[in-house]
Protein chains: 2
Amino acid sequence: MKKYKVAVVGATGVVGKEITDTLYQRKFPVDSIKLLASKNSVGQCLPFGNDEIDVEELVETSFNDVDYALFSAGGSISEKFCPFAVKSGAVCIDNTSHFRMVDGVPLVVPEVNPESAFSHKGIIANPNCSTAQLVLPLKVLHDHYGIERIVVSTYQSVSGAGKEGITELEQQSRANLSGQDIPPSVFQHHIAYNVIPQIDVFQDNGYTKEEMKMINETKKILNDDSIKMTATTVRVPVFVGHSESVNVQLKSAFKLDDVRQLMSDMSGVTVQDDPANSVYPTPRDSAGKDDVFVGRFRHDLSIENGLEFWCVSDNLRKGAALNAVQIAETLINV
Amino acid sequence: MKKYKVAVVGATGVVGKEITDTLYQRKFPVDSIKLLASKNSVGQCLPFGNDEIDVEELVETSFNDVDYALFSAGGSISEKFCPFAVKSGAVCIDNTSHFRMVDGVPLVVPEVNPESAFSHKGIIANPNCSTAQLVLPLKVLHDHYGIERIVVSTYQSVSGAGKEGITELEQQSRANLSGQDIPPSVFQHHIAYNVIPQIDVFQDNGYTKEEMKMINETKKILNDDSIKMTATTVRVPVFVGHSESVNVQLKSAFKLDDVRQLMSDMSGVTVQDDPANSVYPTPRDSAGKDDVFVGRFRHDLSIENGLEFWCVSDNLRKGAALNAVQIAETLINV
């Protein structure tokens, strides 16, 4: 079996570590692995299976002899270093938003649009975490019934903001429980025992950048600009796992049992839908798992062909690291 | 000024205590106050302003000489004891769901439908917490533009499940932060650092009772069964304050500045809407306050005359105690 030289950029971050772990767990055929980060992280040693790998400084020449470079170190790092990686002959799989909406850069969720991956010119974009999980059930619905309009509200975990987000929730929680207070620094407001209806910065139209990412990326991945969509993205005090309340108006009638069966048949989706026994997805249960979990399917009482459901996934896995590794797997499995 | 004999039923509960405090804080003209609870609570002493009041056992004859009885001790208690209170000549203001949808029982939010209060036959119902806050901004929109359809997703605090809910979140949080685990008892699943898409029990149509309460009560309070509405109600690890992501399709065009102005003019509503400075409502900021806070107003990109906004209020206040006391105030201010 052919083996590949892989580089992980942003290897010391929450998603970077998850990428390295995922490559190992999924037995990606790794010939060699480079863990790249900023100068500050040099000296650190990180595990890859049973090996300990020295973190190297990310420089322009880091990608000589690299086949696949998985980037998760922020948009400005991708902007600067992806071109060097491409010039060195590496294929970049970029987890930042920088290239996602660029024409000619495929935006890929392997269960949904694997064919798009092969049209790359050196860079393939990994979607935003809240988008990646949502497009799996949406793909099922769009293929079978046609999607007219989507209204989604999210419940996103702090790990979407990296390890600093996790630390802030943990420290603020401890402080609150002992009657103390730690002011916010990562988030715009206190996150412990609170809910913040802002992720990323605001645009002129009143939506946040996160909301516009969901809307635009969903249309690009499903390859249909005619889909109507609106989103409200909200940070909640959960460590790992994004949840989404999804309202979809379909173009044709459906039976709930058919929808559940179609979802069960979809690769990467697990149906958890037994309300009588309080079975439905929760972020706590999704943490550390690969699948997108869906449940609470019901006919929307307010509109014809309306479907309500609930969608949860580990934002570090399907929302980031897993999807990136799956894109690499798609390319090598030709 | 005339003074009134008041009874609080369920006086040792979270909402009961909030009712007693609210009566005092708002200078309700109290001649005497009875704090009623189950036999188990007899012996307790609770504050009413600077006075200490002995908790009395709730019995059939508790309401002799009572003018207003504010019930918040669960539906079965209201079912059993409201009739005795009415027979004794008291007016019951009931915070449980038991009588809310009964024909002839007014369901009242004083800023929205105060006139309904006067048609009572001894019992006036206080709406569900998540409904009470929502109908204020909806009333504004319905009066000025007409509401076609509402899609709402909620982020509801644990205090909606009483003091046991608060204790469970606190204890599970402490346990989690020290690597321990306390299994759920109040909620269906772990609530610390988790999100649970179930409040109350499931109905045959796949909606929960909480979701159907929101839908049915909203139509009753706005006195318009033609409003189309769907809801997903979700418990989040917040102590106090319910948040709601609200998508409304209006019947006519609107300008955002007009909507903000109309909301500002509405009694009981405060607009917090300056995204550039991260100003929008959060439950933490709403706790202990009376108003319904609204913000994040924007044109829905997916539909004509669509409006997105975010609505937050202290569920123990406007969602329960405050609204109940305001109903009594409405009646005595004739």
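How many Å separate the centres of domain 1 of chain A and domain 2 of chain A, taken over C-alpha atoms? The separation is 25 Å. The structure is a predicted model, in which local features need pLDDT of at least 70 and side-chain atom pairs count only at pLDDT 80 or more, while totals for chains, interfaces and linings use all residues. Residues are numbered from 1 along each chain as its sequence is written, and chains are lettered from A and ligands numbered from 1 in the order in which they are written.

Domain 1 of chain A comprises 4-127 + 320-332, and domain 2 comprises 131-315; these bounds come from an automatic or database domain assignment. Between them, 14 residues of domain 1 of chain A are in contact with 19 residues of domain 2 of chain A (contact: C-beta atoms, placed from the backbone, within 7 Å). Helix α8 (residues 317-332) of chain A gives three residues, the largest share of the domain 1 side. Helices (H or I, at least four residues) and strands (E, at least two) are DSSP runs, numbered from the N terminus. By class, the domain 1 side has eight nonpolar, four polar and two charged residues. Here Ala, Val, Leu, Ile, Met, Phe, Trp, Tyr, Cys and Pro count as nonpolar, Asp, Glu, Lys and Arg as charged, and the others, Gly among them, as polar.

Strand β6 (residues 91-94) of chain A is covered on both faces, with V91(A) and I93(A) buried on one side and C92(A) and D94(A) buried on the other (buried: 20 or more other C-beta atoms within 10 Å of the residue's own, C-beta atoms being placed from the backbone). β6(A) runs parallel to strand β5 (residues 68-71) of chain A, to which four bridges join it; strands pair if DSSP finds at least two bridges between them. Y68(A) has V91(A) as its bridge partner in β6(A). The β-α-β crossover from β5(A) through helix α2 (residues 75-87) of chain A to β6(A) is right-handed, that is, clockwise from the first strand over the helix to the second with the strands pointing away from the viewer. Three bridges join β6(A) to strand β7 (residues 123-125) of chain A, also in parallel, and C92(A) stands opposite I123(A) in β7(A).

Between the chains, 51 residues of chain B are in contact with 51 residues of chain A. The chain B side has 24 nonpolar, 18 polar and nine charged residues.

Terms used. A residue is buried if 20 or more other C-beta atoms lie within 10 Å of its own, exposed if 12 or fewer, and partly exposed in between; C-beta atoms are placed from the backbone. Two residues are in contact if their C-beta atoms, placed from the backbone, lie within 7 Å.
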